[in-house]
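Thanks for sending this one over. Here are my notes, point by point, to read alongside the model.

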Amino acid sequence: MVPPASRDLASVLLESMARFPDRTALWVDGCALSYREFTGYAAGLAGGLLDATGPSDGPRRCAILGERSLASFSAVAGALLARFTYVPLNPRHPRERLLIALAASEASALVVDGARMEFARDLLASTPRQLLVLLPDAASVPDWAATQPRHRFLCRRDLERYGPGDIPAAASPDDGAYLLFTSGSTGAPKGVLVRHRNVVAYLRSAAERYRPQPSDRFTQLFDLTFDLSAHDMFLCWSAGAALYCPPAGAKMAPREFVRRHELTFWFSVPSTAAFMQRLRMLRPGDFPSLRWSLFCGEALPTRLARAWAEAAPNSMIENLYGPTETTIAITAYRLPADPTAWAGLPEIVPIGAPLPGQQALVLGPDGRPLPAGEAGELCLGGSQVTEGYINRPDLTAERFAPPDAAVPEGMRWYRTGDRARLDPAHGLLFLGRMDRQVKIAGHRVELQEVEEALRRASGCDCAAALAWPLDADGLARGIVAFLPEESGADDAVLATCRRILPSYMVPSSLRCIADWPVNDNGKTDYSRLQRMLEEPA
């Protein structure tokens with residue numbers, strides 16, 4: 001349980017480290033580490049950060065470049081213990097995108113795990129900002145560091161000089177906990193700073209709702225750049241429980257991993273369950289050890305939830321909802337324990353009701369709340385709502401504008417761009433997007449950003465992207481690109497996209513069209529493009 005006095009994530013970590021020193025905190029890279037051992041790794045990184053950076057008037061932010069490894073998890077904990085904001089960077093993203101995020105974050109430090117040392121060499125060579133580079137997996141500083149004198153490097157033996165006694169006082173609730181970047185419609189990712197008070201507000205609700213115990217074992221299936229990873233780490237560690245990180249090869253289909261380790265908490269995007277079902281890895285009675293199964297990040301089809309209920313017969317299933325801007329998840333719907341009581345559920349599991357202390361309104365075009373049963377834009381308010389996008393006051397003013405209604409003074413609000421309606425029987429129902437944002441395997445994708453990459457790669461002003469194909473449950477599995485035939489586009493366009501976009505945003509195919517479809521306003525007619533995809537070849 002989250003300690004009642006905790007106001008920041010560092011305090012949450014330290015209390016469990018003190019209470020459960022010999023219990024398993026983390027299973028990663030085939031090895032189990034106790035809270036005492038994990039504290040040692042985190043404290044070394046915290047001590048190195050503090051000793052080498054000193055006081056600063058700027059933001060105290062530490063970027064992390066690594067896989068789901070011991071070094072990366074230790075960097076998360078170490079940054080928080082040092083009162084730094086952690087900024088995860090996905091090493092599978094293109095170099096150009098990482099450089100944009102690293103510059104926008106204003107990070108003064110970078111932690112690199114052993115698997116990404118050579119990748120970091122190239123990245124650091126293109127980083128003009130002076131950085132403290134921590135290499136916890138390296139026995140010594142690599143030779144190539146001498147070619148980059150503007151950066152300072154610390155290796156494992158440097159960090160081993162520090163211990164838990166070097167950890168400072170707790171952070172302020174207003175300090176940044178983590179900074180994440182989401183897809184942006186302008187072609188550049190948007191940075192969302194989530195503060196300790198936002199995360200602790202969520203953890204209090206989650207701890208009360210799920211009652212995790214020290215004996216629990218949590219899955220960790222999300223990259224650190226996905227905010228749902230914060231639920232796994234901090235709800236688990238707040239209870240003195242164990243976080244289990246399956247190897248990369250089992251991340252999308254961890255059936256045997258869950259069974260072998262008898263895990264009790266499952267959390268994933270619905271696409272993971274759908275993928276397992278397609279591979280026949282979701283059979284009745286497969287997961288008897290699970291007592292909670294949580295899904296978030298995209299729409300959860302009811303028939304997929306039913307298949308999961310059969311596979312995890314002792315588990316309660318909840319569908320969570322929440323954009324990054326509202327901290328992990330802000331609404332929840334609990335499916336009845338008895339699947340025979342699911343009669344009357346819509347095809348997509350509801351997103352339910354706001355967590356305690358949070359609010360949700362469905363707004364009409366005039367910005368005023370709509371009555372139950374009418375569809376409109378979902379607007380969210382409460383202590384979990386963040387303050388906006390870093391260095392984007394224009395977009396912040398647009399998306400974080402309060403509703404035109406009587407609302408509590410001082411409460412922050414976020415306009416999601418999601419369509420919803422309030423159903424008296426089931427709470428909020430998710431009805432899709434109002435704009436062109438889609439979800440690919442749980443990742444937020446602004447199709448406008450894909451189109452900007454296509455224009456850049458082809459040199460053509462006309463470009464379109466659509467989510468396709470859709471699986472049997474309506475979940476998007478990829479993206480198809482369209483360009484005019486006269487653009488002369490070929491495979492080189494997709495090759496350029498692979499250099500500037502994350503893999504889940506790269507179109508799987510490119511179609512060149514002789515007659516570009518436009519509507520009455522002269523704009524691209526996406527409905528006609530959609531029909532082209534749906535027509536049999």
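1. Cys31 first: its sulfur lies 13 Å from the closest cysteine sulfur, in Cys245, which is too far for a bond. A disulfide here is a pair of cysteine sulfur atoms within 2.5 Å, and the structure holds zero of them. Cys62 is in no disulfide either, as the nearest cysteine sulfur, that of Cys155, is 16 Å away. Cys31 is partly exposed, with a relative accessible area of 40%, whereas Cys62 counts as buried at 1%. The classes are buried under 20% relative accessible area, exposed over 50% and partly exposed in between, with a 1.4 Å probe and protein chains only.

2. A word on the source: this is a predicted model, in which local features need pLDDT of at least 70 and side-chain atom pairs count only at pLDDT 80 or more, while totals for chains, interfaces and linings use all residues. Residues are numbered from 1 along each chain as its sequence is written, and side-chain values use heavy atoms, leaving out hydrogens and water.

3. Helix 7 is largely enclosed by the rest of the structure, because 11 of its 15 residues are buried. Among them are His196, Asn198, Tyr202 and Tyr210. Arg211 follows helix 7 and has a positive phi, near 50 degrees.

4. Next, the open sheet: three strands run in the order 23-24-25, with mixed pairing. Strands 23 and 24 (residues 479-484) pair in the antiparallel sense over four bridges; pairing requires at least two DSSP bridges. In this pairing, Ala464 stands opposite Phe482. Helix 13 (residues 447-458) packs on the sheet and touches strands 23 and 24. Contact means heavy atoms within 4.5 Å.

5. Finally, the nonpolar cores, meaning sets of buried Ala, Val, Leu, Ile, Met, Phe, Trp, Tyr and Cys residues joined through side-chain atoms within 4.5 Å. In the largest, of 86 residues, Phe73, Tyr86, Phe234 and Trp237 touch the most other members. Helix 3 (residues 70-81) supplies the largest share of this core, eight residues. Apart from this core lies another, of 31 residues, including Ala253 and Ile317. Leaving aside neighbours within four places in sequence, Trp237 is in contact with residues including Val12, Tyr35, Phe38 and Phe73.

Methods:
Helix = DSSP H or I, 4+ residues; strand = E, 2+ residues; numbered from the N terminus. Axes fitted to C-alpha atoms, helices over the stretch in contact; angles between N-to-C directions.
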